[in-house]
Amino acid sequence: LITEVRLRRVLDSRGNPTVEAEVTTESGGFGRAAAPSGASTGAHEATSLPASEAIASAREHAVPRIEGQVYAGDQRSVDAALRAADGTESFDEIGANSAVAISMAAATAAADTLGAPLYQHLGGAFRGNEFPTPLGNVIGGGEHAAEATHIQEFLAAPVGAPSVADAVFANARVHGAVGEILAERDVAAAKGDEGAWAPAIDDSEAFEIVAEATEQVAGEVGFDIGFGLDVAATELYDADEGVYRYGDTERTPDEQIEYVAGLVDEYDLVYVEDPLDEEDFEGFADLTDQVGSETLICGDDLFVTNTERLDRGIEAGAANALLVKPNQIGTLSDAFDATERAVENGLAPVISHRSGETEDTTIAHLAVATAAPFVKTGAVGGERTAKLNELIRTEETA
Ligand code: PGA
Ligand code: ZN
């Protein structure tokens with residue numbers, strides 16, 4: 001039985017306040033978790049309130065429905081209590097940031113009570129022995145860095161890695177190699193919100209550099225390192241004009257599909273997230289059709305981890321992968337339901353961080369628990385390596 005829920009403000013990686021929750025159980029279990037936050041958020045995500053408001057409202061409405069009322073190990077009841085306390089679809093009242101922090105802290109407390117690792121509690125004994133391939137953000141711009149690339153994320157995808165540890169080190173090595181190539185070219189580069197290099201270069205130069213870096217590191221490590229993107233195209237789309245804007249270059253939706261399909265061909269992309277605007281289910285379907293099953297077309301802003309939007313996408317054939325961000329929907333139960341629905345319908349689940357993160361490692365456990373083929377949680381930087389290092393540890397003990 002949960003005896004106490006504590007909430008406080010802590011810092012996220014951008015230096016903004018976020019919600020941290022601590023859950024204590026009657027049998028001495030303890031769990032702590034913190035909500036991440038997005039910068040290129042989808043329009044249909046659950047509501048994130050200012051941390052202090054979310055905390056005050058959760059203390060008033062949610063905590064009394066949980067303390068002394070539900071068991072930490074009964075995740076569905078914890079999450080149902082959060083939903084009942086809130087009363088809205090999108091957690092407008094207590095904030096999805098309070099909800100997800102409490103939801104994840106309860107799971108962590110339950111695992112502690114059992115003396116089991118979190119992935120084991122979440123995934124049980126039937127997950128098999130699959131480990132996710134980490135997608136590592138090595139160059140980025142968009143909403144995550146001013147004056148850098150238009151495409152938000154250029155990702156290393158070490159699909160041939162024999163282990164999670166090898167994959168994690170390979171991604172960091174690609175990040176390093178990109179830094180070296182930028183230095184050779186005399187391009188100054190700071191880092192964006194997720195630790196990726198954020199140089200003021202054209203997207204075409206970023207493609208060149210990442211292709212060179214992945215090839216070079218693949219040669220060193222002796223396994224295949226693929227190339228992926230998060231276009232985050234909603235941020236490029238001018239809905240009034242009906243065009244995608246890359247600086248002075250404009251592309252109509254048809255031209256955008258042609259452009260991305262061309263990139264898939266030219267760079268053998270294994271993964272493309274949000275290639276089109278978040279409302280364009282049909283465009284997603286056209287592109288998914290064109291690229292075939294070798295390339296994952298992944299919906300982030302399109303689906304926002306929401307089972308109803310996912311169902312719409314399944315109906316339309318809009319994608320072959322689902323990005324899973326628990327804070328987009330507010331509870332672990334909802335994130336699990338979306339993941340399960342995706343898998344049942346042949347979509348690959350990809351468990352993901354946000355651009356604003358903390359040292360929280362829940363998503364690493366979620367990725368292992370759900371046997372997700374990919375996890376997206378950066379390449380370098382403490383709030384990113386917190387998850388990556390947890391994956392390395394987990395692989396050793398699982
Ligand atoms: P966000 O970006 O966390 O800023 O939304 C990550 C993503 O678009 O995948
Ligand atoms: Zn995205």
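**Entry 1: terms and ground rules**

I began with accessibility, where buried means under 20% relative accessible area, exposed means over 50% and partly exposed lies in between, all with a 1.4 Å probe and protein chains only. With that rule I looked up Glu147, which is exposed, with a relative accessible area of 70%. I note that this is a predicted model, in which local features need pLDDT of at least 70, side-chain atom pairs count only at pLDDT 80 or more, and totals for chains, interfaces and linings use all residues. Residues are numbered from 1 along each chain as its sequence is written, chains are lettered from A and ligands numbered from 1 in the order in which they are written, and side-chain values use heavy atoms, with hydrogens and water left out.

**Entry 2: two residues with positive phi**

I stayed with Glu147, which has a positive phi of about 65° although it is not a glycine. I found Glu147 in the loop between β4 (133-140) and β5 (153-157); helices (H or I, at least four residues) and strands (E, at least two) are DSSP runs, numbered from the N terminus. Val304 is not a glycine either, and I read a positive phi of about 45° for it. Val304 sits in the loop between β13 (296-299) and α10 (307-316), and it counts as buried at 0% relative accessibility.

**Entry 3: the annotated binding site**

I then turned to the UniProt record, an unreviewed entry, whose annotation "binding site" covers His144, Glu153, Glu273, Asp300, Ser352, His353, Arg354, Ser355 and Lys376. UniProt positions are given in the numbering used here, feature names are shortened, and annotations may be inferred rather than shown by experiment.

I looked at Glu273 in strand β12 (residues 271-273), where this residue is buried, with a relative accessible area of 0%. Leaving out residues up to four places away in sequence, I listed its contacts (heavy atoms within 4.5 Å): Glu273 touches Leu229, Asp230, Val231, Ala232, Cys298, Asp300, Leu323 and Lys376.

Where does Ser355 lie? I found Ser355 in the loop between β15 (348-352) and α13 (362-369), and it is buried, with a relative accessible area of 2%. Not counting residues up to four places away in sequence, Ser355 touches several residues, among them Ser13, Arg14, His144, Glu194 and Arg384. A polar contact of 2.8 Å joins the side chains of Ser355 and Arg14; such a contact is a pair of N or O atoms within 3.5 Å, where within protein one must be able to donate a hydrogen and the other to accept it, and residues adjacent in sequence count only if both atoms are side-chain atoms.

**Entry 4: cavities**

I worked on a 1 Å grid over the protein atoms alone, where a cavity is a set of points where a 1.4 Å probe fits but cannot get out, a pocket is an open set with protein on both sides within 12 Å along at least five of seven lines, and lining residues have an atom within 4 Å of a point. Grid points are joined across faces, edges and corners, and a volume is the space filled by probe spheres set on the points.

How many cavities of 30 Å³ or more are there? I count three. The largest cavity has a volume of about 90 Å³ and is lined by 15 residues, of which Pro36, Met104, Glu357, Asp360 and Ile363 lie nearest its centre. Helices α4 (96-114), α11 (326-329) and α13 each supply at least two residues of this lining.

The second largest cavity has a volume of about 70 Å³, and of its 15 lining residues I noted His144, Gln152, Glu194, Lys325 and Ser355 as nearest its centre. By class, this lining has one nonpolar, six polar and eight charged residues, where Ala, Val, Leu, Ile, Met, Phe, Trp, Tyr, Cys and Pro count as nonpolar, Asp, Glu, Lys and Arg as charged, and the others, Gly among them, as polar.

**Entry 5: the largest pocket**

I found about 250 Å³ of space in the largest pocket. Of the 15 residues that line this pocket, Arg32, Ala33, Glu359, Asp360 and Thr361 are the closest to its centre. The elements that give two or more residues to its lining are β1 (2-11), β3 (30-34) and α13, and the largest share, four residues, comes from β3.

**Entry 6: a last residue**

I ended at Val217 in helix α7 (residues 203-221), which is buried, with a relative accessible area of 0%.
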